[in-house]
Each structure stands twice: as C-alpha cells, then as structure tokens.
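Please open the structure in the viewer and keep the selection tool at hand. The stops below are to be visited in order.

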Amino acid sequence: MNSSIVLPQPDEVPKREKEDAMAAYLMNFAAWGAGLPLPSLNLIAAALYYFANRRKSRFVAFHCFQAFSSQLPTTVLNVIAVGTFIDFQIILDKPLPSFFWPYVIFAVFMNVLYLGVSIYACVLAAKGRVYYFLVFGRWAYAKYYGPNAMPLEGNAPRPNLPPAGF
Amino acid sequence: MRILRELLLLLGLMGLVGASVFGVWHWWPSHHNAKYAQSTSDNLIEKRTEGRLRILLRREVTSDAVQDPSVIEGMRRIQERIVTAAGPTAYPLEVFVIDSPTVNAVCLPGDIILVYSGLIRRMESAEELAAVLAHEIAHASHGDSMHALERELGMAAILTLAGGRSDALATRLLRRLISSGFSRQQEQDADKEATRILASVDIDPAALSDSLRRMRQVDAGDSGVLQYVSTHPDIDARIKTAEAVSAAWKGKSRPINIDWQQFRSQFRVLH
C-alpha cells in the first residue's frame, strides 16, 4: 500500500488550491459563452487550464482533469449540432434535417444538466471537497489518487472519501 | 467494473433524455403549428389518413399533370429556390402543373401542390410564381389542407374517403378540395410565412403582393375561370400586408435563374 498518496480533507487543502480547483470549473463557464459558436473552444480552454495546473497538487489536478474530461460528451453533442447547422445551411444550402431541432433541444438539456452538476462541483471544490461525476470522477480519481489513496487517519470528520469501490 | 456500470448509466441517461425529447417532438401534434393543434391520437389518425389520401390524390393528379421535361425543370428551379427556407412538411413536397385555363394554385392533403397553367400565364415573373408557391408551401407545412377538409367534411367522412379505392371517389374528392378555401386566419398565416420564405431566399416579398394584384385585376374579365380569388379571401388586405412587409424588407433581391417569358410561353393559349 502506498501510504504517501492521501485523499486530503477540506481543512487540509490550502486556500490557493481550493481556488485553483474551483477555477477549473469556472473556466468552463467562462469559455462557454465564447465557445457557443465554436463548441470545441471550451474543451481547448479546459485542456490548457488542466495542462497548466496539473502539477500543482493532486487535489487541483483531480478537479482540473475532471472538469476537462467531463466536457467531452457535451462537446461532442454541441459539435454535432453546430456541424449539422453549418453543413446544411452554409455548405450544402439545404433545409435542416427533421431531426435537427429535437436534437438541439436534447443537446441544450444535456448542457444545462452538465452546467448544474459543474456548479455543484465548483462549490464543493471551493470548500476543499471532492465530487465525483459519473464516469469522469472515477476516471480522475483513478488517475490522481488510485486504489491505494487513503484518507488521513484520525478522529476528525472525513467528508472526502474515495468513490464507492475504491 | 464500476466505471463501466457508470458509463452504461450515463449512456442510459442520455438515451432516455434523447428518446424522450425525440418522442415528444415527433408525436407532439402542434410542433408545426400550435394554432391548429389537436390531441395526439387525433393527430395520429389524421397523419395516417393523410397518407392514404396522398396516395389516392397523387394517382388522380399525376394523370392530368404536365409531363413536359422543360416545364418540370422550370418548376423544379423555382421550387428549389424557395423550399430551402420553407418549414418541414409531413410528406415530400410535390408540385404538379395542370394545363388548364383555371387561375388557381391549390395545396392538397399529403403535401401535394397543384399549380394551374392559367395562373402561370398570369404571372409576370418567376418571382411572382415563387410567391404563390411559397404561400401554398406554407399551407402544406401548417397542415392546413387536412384541417380544412376535416372542418368541411368531418373526420369520419374523410376516413371513409381515404379507405376508398375508386377513381370516381378520388375525382370527387379532388374537385371538392380544389373548390374549397382556407380560413382567413390560415390565409394570413400562410402569407406571413410566404413573405418570410421569400425574404430568406433573397426575393422581395413584394412578389406576393404583385401576384395577388395580378389575380385581382383579371377577376372582372375572367370570373368564369378564376378560382384563386374565390378560394383565397380578403385579397385586398393581403396585398396591403405583403406590401408593408416588402417596405420593411432591407435585403437585396436576387432573380431566379430562369427565362420567364420562354417558360411561360410553353403553355397553350387557352384563354
């Protein structure tokens, strides 16, 4: 067991790291507005933020990686929507296919859902907590803490725990 | 593997949301036009019935339609220009030219549009014909034909008609449809949509008021063959509305690539 990898508790995370972790999610929101016409822009911004901050600490790297990787599904959905629109309306100069608008509603719904979860994760990160997104949380945890990471010993309450199964 | 379970859960969630949105969109009766919404079950019956009517009417219309390749090509060019901006229709839109002195254009159930050569001969430009087509296409995308037929005959009668196989029945139904008109509100909505379509494809919405004015002008001398005015009420008010839209239009008109005089001269002089 590698005891040097520990899952920090909120009071053990320095304020600066909490801010950096929180900023990983805020980065997504900031890039969202600019990324609407070019949906891959927020993914690039999140990737840049991740690569710039991944060596700061495991806590920061975990949140940056989770914020970056969890954008993949919504980015794919958005790229398909914008790509279809450009393809049909600008390149082919044809009417939009019948599936387009229900697809856009679906993509918007998924984006809003993702936005909500991201805000929640952002608030927890600011408090020094971890929140695990479906799939991407577990992936980020496996990448930066792994199965051997342990919460620090002691009687103090430990809100940060590994995802179930680790 | 828990990560696989979570991946399946995520994909399942996305699938569920996607299927719900697509399902609601597909079956929602009013996504084309909320004003004419009916219950979902009514809409389903209506759509199926419209499909049957389409087969019946298409067979009836095809035998009378002009088959000249240059006419078909000319109509295709005009239709192609405007259809890019038109709303979705339940069935593939089909435009047939009927060689007849009648001055009329009709939208039938099943998204079939009839344009009489009498009307084509009255038009002074391809853009004017495009405006008439845009108006009829708007009726098609609003589903007006079925609503009008239902209002006139009732759903039970339509179902009986749609279940029929005889050509005589189809001929009678076609006659009935051609002579019946739409409501004032449906006409106003179709005009509004037509001017939007025209403006979107760089045709001055004045083409609609010009075409309406031309049909109104011939009314006095040709009332025997002019059906358009009788089946399309409030022509003066509609001209004024289209003129107002045109006055507010800031776009630049781009002509339809067709030799209009040559195209128009292909139709026999019947009147």
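Select α9(B) and α12(B): α9(B) passes α12(B) in a right-handed crossing, a crossing being right-handed if the near helix is turned clockwise from the far one by less than a right angle, and left-handed if anticlockwise. Helices (H or I, at least four residues) and strands (E, at least two) are DSSP runs, numbered from the N terminus. This is a predicted model, in which local features need pLDDT of at least 70, side-chain atom pairs count only at pLDDT 80 or more, and totals for chains, interfaces and linings use all residues. Residues are numbered from 1 along each chain as its sequence is written, and chains are lettered from A and ligands numbered from 1 in the order in which they are written.

Next, display the side chains between these two helices. B:E187, B:D191 and B:T195 in α9(B) meet B:R238, B:T241, B:A242 and B:V245 in α12(B); contact requires C-beta atoms, placed from the backbone, within 7 Å.

A residue is buried if 20 or more other C-beta atoms, placed from the backbone, lie within 10 Å of its own. Among the 57 members, B:I113, B:L114, B:A130, B:L133, B:A134 and B:L198 touch the most others. Helix α5 (residues 126–142) of chain B supplies the largest share of this core, 10 residues.

Centre on B:I113, whose contacts beyond four places in sequence include B:L93, B:V95 and B:L133.

Finally, select the whole of chain B, which contains 13 helices and 3 strands. Of its 271 residues, 39% are buried.

Terms used
A residue is buried if 20 or more other C-beta atoms lie within 10 Å of its own, exposed if 12 or fewer, and partly exposed in between; C-beta atoms are placed from the backbone. A nonpolar core is a set of buried Ala, Val, Leu, Ile, Met, Phe, Trp, Tyr and Cys residues joined through C-beta atoms within 7 Å.
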